[in-house]
Amino acid sequence: MQAAVYAVGVMGCWRIEVSLDIRVDLGWWLLGEGRAGELEDWRSVSNGRNVAVKGVDNAGKLRLADRFILLARSLPLGWAVSLRDGFRFDRAMDRWGLREWYGYIRQELARYWTAEANGSEEHLLGKPAEMAVWRADQMENLEHLRRMSLDDTVLWDKLGVQAEQLALSLSGRALLAGEVELLLEEAGADLSAGWFAAAQLGCLLGRLRLEAGLA
């Protein structure tokens with residue numbers, strides 16, 4: 001099973017995340033899609049007061065990413081999870097460009113790609129030219145970004161329902177991809193948008209977590 005990996009900078013902090021469907025993450029972090037619940041939570045408890053709610057600032061604005069860096073479009077899931085779990089924030093990352101980020105993943109995943117008998121480093125990790133960066137202060141090409149993400153309110157609403165269904169179905173379980181598909185088929189779940197997208201939104205909502213299996 002393959003997954004994308006990206007770094008996201010929000011309010012001065014960096015984190016690395018794993019994605020089964022990068023379109024979901026682009027919409028979530030850069031366009032604020034799929035995050036209506038966070039605003040509703042803020043409105044319900046703030047009542048004009050300064051109240052801290054995850055993902056929302058005190059003015060009731062979504063905390064979108066300052067920078068979003070696509071590190072690798074397709075890595076083995078185990079490699080991607082290792083990169084995420086082993087990540088340690090360093091203030092110097094604020095000044096990193098794509099070359100530094102590529103050097104970072106190359107070093108962190110060296111024990112994996114050097115052990116592979118077949119395939120070059122670039123074949124296994126992806127080429128630096130395939131990486132991409134979006135900045136909050138350089139969003140001129142917003143329409144291009146919208147085309148890359150899931151820019152459809154109805155689809156996002158449906159995806160939110162599907163993510164909740166998926167989370168309930170997988171509650172207390174750790175399953176591999178084939179087992180998830182079999183479980184959903186037996187349950188007759190409506191996942192016409194694809195369960196990868198629903199699972200990814202579930203992860204962003206904190207309802208699911210990607211490991212070497214899905215938990």
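Modeller: The largest cavity is lined by Leu 70, Leu 71, Ala 72, Arg 73, Tyr 102, Ile 105, Leu 125, Gly 126, Lys 127, Glu 130 and Met 131; here a cavity is a set of points, on a 1 Å grid over the protein atoms alone, where a 1.4 Å probe fits but cannot get out, and lining residues have an atom within 4 Å of a point. This is a predicted model, in which local features need pLDDT of at least 70 and side-chain atom pairs count only at pLDDT 80 or more, while totals for chains, interfaces and linings use all residues. Residues are numbered from 1 along each chain as its sequence is written, and side-chain values use heavy atoms, with hydrogens and water left out.

The structure holds two cavities of 30 Å³ or more, and the largest cavity contains about 60 Å³ of space, where a volume is the space filled by probe spheres set on the grid points, which are joined across faces, edges and corners. E3 and H4 each supply at least two residues of this lining, and E3 gives the most, with four residues; such helices (H or I, at least four residues) and strands (E, at least two) are DSSP runs, numbered from the N terminus. Sorted by class, the lining of the largest cavity has seven nonpolar, one polar and three charged residues, where Ala, Val, Leu, Ile, Met, Phe, Trp, Tyr, Cys and Pro count as nonpolar, Asp, Glu, Lys and Arg as charged, and the others, Gly among them, as polar.

Note on methods
1 Å grid on protein atoms, 1.4 Å probe; cavity = no way out; pocket = protein on both sides within 12 Å on 5 of 7 lines; lining within 4 Å.
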